[in-house]
Amino acid sequence: KAIKDALAHAIPLNASQPPRVIVIGALGRCGTGAVDCCLAAGVPVSSILEWDMAETAPGGPFSEIAASAIFINCIYLSQPIPPFVTTESLSKPGRKLRVISDVSCDPGDPNNPVPLYHEYSTFVKPTLLVDVSGDGPDLTMISIDHLPSLVAREASEHFSSLLLPSLKALDRRDQEGVWVRAEKVFREKVNELPKAN
């Protein structure tokens with residue numbers, strides 16, 4: 001309610017427009033949660049850009065990020081990809097971006113698609129100022145490495161609900177999909193180990 005009230009108070013100060021939010025990784029668990037959070041806060045669906053792999057396939061940087069007020073990065077980084085933003089792309093005239101929430105939180109990864117910071121923020125200091133130039137507003141970064149702990153009960157319930165069916169099938173591990181696949185991967189990795197003399 002507090003966030004919804006704050007947003008309602010801020011909209012008249014923003015030419016009566018809600019903030020435009022871009023969520024990259026919108027089809028995954030974190031991205032779906034980010035979109036749901038925006039909707040619950042009162043951001044209309046028409047102000048939320050939901051991007052995933054298809055939209056980022058051409059490679060960044062993406063001007064749509066600089067044109068949004070809030071960018072939420074929720075991708076699972078599994079391979080090198082071009083950056084979604086750079087200091088240069090965010091220093092161009094007309095930037096509207098004010099807040100980046102990097103849920104993926106990969107500051108030390110050389111392939112980080114948000115290469116604007118090199119440290120995590122914390123619960124005590126949740127935002128970091130991003131050093132960009134140009135005529136845009138101040139830009140802050142949220143990069144807390146353990147955001148699920150903010151909603152520990154919900155995270156525990158969700159992860160438990162995903163794990164429980166597999167645990168219940170443990171007695172049928174020689175025929176149940178997840179256990180058969182896990183054993184196959186285990187045996188493949190054991191075979192890759194160097195042989196003892």
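**Rings, strands and charges**

Tutor: Start with the rings. This is a predicted model, and it holds three aromatic pairs.

Student: Take Phe62 and Phe84. What kind of pair do they form?

Tutor: A tilted one. The ring centres of Phe62 and Phe84 are 6.0 Å apart, with 45° between the planes.

Student: Where in the chain do Phe62 and Phe84 sit?

Tutor: In distant parts of the chain, 22 residues apart. Phe62 is in the loop between α3 (53-56) and α4 (63-66). Phe84 is in the loop between β3 and α5 (87-90).

Student: Is Phe62 buried or exposed? And Phe84, buried or exposed?

Tutor: Phe62 is buried, at 9% relative accessible area. Phe84 is buried too, at 2%.

Student: Now Phe71 and Phe84. Why is that pair called edge-to-face?

Tutor: Because the planes of Phe71 and Phe84 stand at 70°, and the cut-off for edge-to-face is over 60 degrees. Their ring centres are 6.5 Å apart.

Student: What does the pair of Phe71 and Phe84 tie together?

Tutor: Parts that are 13 residues apart in sequence. Phe71 lies in strand β3, and Phe84 lies in the loop between β3 and α5. Phe71 counts as buried, at 0% relative accessibility.

Student: Which residues form the aromatic cluster?

Tutor: Trp51, Phe62, Phe71 and Phe84 form one cluster.

Student: New topic, the sheet. How many strands, and in what order?

Tutor: Six strands, in an open sheet with mixed pairing. The order is β2-β1-β3-β4-β6-β5.

Student: Which are the edge strands?

Tutor: β2 (48-51) and β5 (128-129). Each of them pairs on one side only.

Student: Back to β3. In what sense does β1 pair with β3, parallel or antiparallel?

Tutor: Parallel, over four bridges. Strand β1 covers residues 21-24, and β3 covers 70-73. Val21 has Ile70 as its bridge partner in β3.

Student: And β3 with β4, parallel or antiparallel?

Tutor: Parallel, over four bridges. Strand β4 is residues 99-102. Here Phe71, from the aromatic cluster, stands opposite Ile100 in β4.

Student: What holds strands together in general?

Tutor: Strands of a sheet pair through backbone hydrogen bonds.

Student: Okay, charges. How many salt bridges are there?

Tutor: Five. One of them joins Lys184 and Glu188, at 3.8 Å from N to O.

Student: Where do Lys184 and Glu188 lie?

Tutor: Both lie in helix α7 (residues 177-192). They are four residues apart, about one turn of the helix. Lys184 counts as exposed at 54% relative accessibility, and Glu188 is partly exposed at 37%.

Student: Which residue does Glu192 bridge to?

Tutor: Lys189, with the closest N and O atoms 3.9 Å apart. Glu192 and Lys189 both lie in helix α7, three residues apart. Glu192 is exposed at 58%, while Lys189 is partly exposed at 47%.

Student: Which residues do shared partners join into one network?

Tutor: Asp171, Arg172 and Glu176. Within that network, Arg172 bridges to Glu176, with the closest N and O atoms 3.6 Å apart.

Student: How accessible is Arg172? And Glu176?

Tutor: Arg172 is partly exposed, with a relative accessible area of 36%. Glu176 is also partly exposed, at 30%.

Definitions and conventions. Residues numbered from 1 in each chain as written. Predicted model: local features only at pLDDT ≥ 70, side-chain atom pairs only at ≥ 80, totals over all residues. Heavy atoms only, no water. Pairing = 2+ DSSP bridges. Helix = DSSP H or I, 4+ residues; strand = E, 2+ residues; numbered from the N terminus. Salt bridge = Lys/Arg side-chain N within 4 Å of Asp/Glu carboxyl O. Buried < 20%, exposed > 50% of the residue type's maximum accessible area, 1.4 Å probe, protein only. Phe/Tyr/Trp six-rings, centres within 6.5 Å; stacked < 30°, edge-to-face > 60°.
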